[in-house]
Amino acid sequence: MPSYDGKIKLAFCKRLGQEWQDLADYFDIPIDDRAAFRLGDEPREVWEWLDRRTRLDELAGALRDPLVNRGELVDQVLEAQPVSVPTTPSVWTGSPFPGLRRFNPEDAPIFCGRHRETNDLVRKLADPRNRFVVVVGASGSGKSSLVAAGLIPRLQADALPSGKDWPWLEFTPGGAEGDPYPILTARLEPRLKGCRSSEIIKRLRAEQGYGPIELAEQILADRPAQAELLLFVDQFEELFTLTRDALRQPFVQLLTTTARSSRVRVVATLRADFFHRCLDCPGLDRLLRDGSYPLGPPGPGALYEMMTGPAAKAGLEFDEGLVERILEDTGTGSGALALLAFALHELYEVRTENGRLTDGAYERFGGVQHAISQRAEKTFQGLESAAQAELAPVFRELVQVDERGVATRQRAPLPMIDRSPAARELIDRFVDARLLVREPGEDGQPVVEVAHEALFRNWPRLKQWIQDTADDHRLRRQIAQLAAYWHGHDRQAEHRWPDERVVEVVAMREHLKLKPTDFTALERDFLGPLDRDRMLAALDEPATTHEERAIIGVRLALLGDPRPGVGLRADGLPDIVWCPVPGGEVTLEEDAGTFAVEPFQIAKYPVTYRQYRAFLDAEDGYHNPEWWRGLWVDQPPEKPGRQFNRRDNHPAENLAWLEAVPFCRWLSARLGYEVRLPTECEWQQAATGGDPANVYPWGPEWDGNRANTYESELGRTTAVGMYPQGASPAGALDLSGNVWEWCLNEYDRPGNANPAGDARRVVRGGAWSSDQASARAACRDFGAPVIRSGSIGFRLACSSPI
């Protein structure tokens, strides 16, 4: 009977972990005896149970049995020297610790610590009811590695009676532009000789959903009848984070239909926080009832083996006590495995020449808890400032943030983020540091992704940026989804992005450092104009439609209209841009007479709502009786008229002549010179430039693209100055359309500009609700001085020079 000392017993118990149950089954330990085992100390209880019955000599054979499959414990513990002095020859070249990247099938010899889970998966997949198995676990629990380096090599080693030559395909559902079909097509095409990708994708998209089964039959045509195709769907949560809504359920149906085939098995990995989303998908809920496999974080024994097993294979030695220290630092919480994996890789990078992993090196890079953050920050600080500035533009394409603020990784085509030498420097350095992964994509072009989501949680700089921009990431995703919905509903106006939310988009663009070209053409159409300079330039384009001009006006109001003459000065008074008008002689229609006009100045725009509101809000403004003295109504009304279009850069409206005159008196007092309403002769002179041939401000012919009148079919005012092509010779805008404008003089006695009395006052220029005839420069109309209308505003004039 072998003699095992206390150190061997301790090492064995630490490394056995939860696999004690396999040993208990193998030795037929009674259930009552197992129930008496101390909770958390079961491996020691198994050892002592065998020791009391003098059966420890059977332990090595049990561990080597395929049903238990823990033969490495015999080699590395029961029959080995202490782990710090490995006696087994080196069988692995290079680092046995892949860091944040997952273990792949070729890494199976160094994939340790998950034997029980691998066996569980094999047994679960062997159950004929479980053709669709989903490994469910927290981010960083090692789901992908378990399948790629645990399950798949076991299947290829004939763990199931389907033949050793078990073909398998791997893909992730988050394909380009939210479409999972092209990436699956790209994985199938090399195995389907003679099939074009267009044919494959057409069969995958077929409504009945049997395309993958037929394609699998083709792949397996030259293989034994019992051979099966394994579809490995990694990062299944991308179905909810990246896949377009319209494609999600059809793709789920494709997978669930495929899972009914006797020639195909589907294995997927899923983050646990997305499990509930799967239950909402018809078909998936039933499959998950039988096929889900919960993967918890590894216990201390498994973590011990994950360190010492690969090290032994690579001929590495740990300083005495270092393994235990790392175990203590790592803990067993969610995400511990990713931290350990990166720390072990860092430890390997600074190993001694004779392959020793030292306590001092571990101390220098900050240990398990700080290895990722220290490496990331050191890499970042080593960049030139221009490359550092590319952090947001690069990582915004590599992270997806859901409604709860949880960050998940996503792949991005290299050309999307490698758009400058500075961006290329950042990407290259982070790839070299194993924090980013660069690999071929579905079309052969390289793609980039974060090596592990642990980077999001453990690098303070990136973690803070994600927290600060979480709302922006969600908004960007929402835009993509709603743009697709809008397009799918014939681009109807009611489904378009609301103007009121343009400020959010502009702020999001600034936070994420997005350029217009970072949105797709569909998204740009859906969002409408966003850049003020581009919007103002669009006003000068004759092809810009009335609706587009109206939208531009609203968005300029929301973003802050930068044009002089539209808002307020720094001192809070209306900012007026004056246009000089030459003197001349004006003949009025309706035989109302001919009058001389002296040179004067007229405002470029009608008074805007923001400018009029300065009068309403001023302590000495609207409610000051002084401004009403001598008028027909010598006291201000209880409240002003309601502004229907409450945008700062839209014309003030729904105000009476008896309210426009007090505004002029108030502003004159504040400016120190007189401003007033123009007389209608002055107004007509400003509109025609003194040339009666100018039937409209822009010339003799009507042009419906130069004014907002009834013909525009907008049915509302626009912001002032939205029709630069409609400028008068003096440079004043909106003299045709938008709102009628009060003039100073009486309608029936044009020569009388005395503000006293209740005589009808002239309005000029037409409005959004009037036709082109009313927009003529010579057209006269009138209104009672107390009347308010949503189609009447006013414009200022003053004597020249000021």
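So, V786: it counts as partly exposed, because its relative accessibility is 43%; that class sits between buried, under 20%, and exposed, over 50%, with a 1.4 Å probe and protein chains only. V786 lies in the loop between strand 19 (780–783) and strand 20 (792–794), where strands are DSSP runs of E, at least two residues, and helices are runs of H or I, at least four, numbered from the N terminus.

Quick caveats. This is a predicted model, with pLDDT of at least 70 needed for local features and 80 or more for side-chain atom pairs, while totals for chains, interfaces and linings use all residues. Residues are numbered from 1 along each chain as its sequence is written, and side-chain values use heavy atoms, leaving out hydrogens and water.

Okay, the inside. In soluble globular proteins, nonpolar side chains tend to be buried together. The largest nonpolar core here has 113 residues, and F318, I326 and F395 have the most contacts inside it. By core I mean buried Ala, Val, Leu, Ile, Met, Phe, Trp, Tyr and Cys residues joined through side-chain atoms within 4.5 Å. Helix 18 (residues 336–349) gives this core its largest share, 9 residues. There's also a second, separate core of 41 residues, including V134 and L215.

L215 turns up again, in the lining of the second largest cavity, along with L184, L229 and others. A cavity is a set of points on a 1 Å grid, over the protein atoms alone, where a 1.4 Å probe fits but cannot get out; lining residues have an atom within 4 Å of a point. Helix 11 supplies the largest share of that lining, 3 residues.

Terms used: 1 Å grid on protein atoms, 1.4 Å probe; cavity = no way out; pocket = protein on both sides within 12 Å on 5 of 7 lines; lining within 4 Å.
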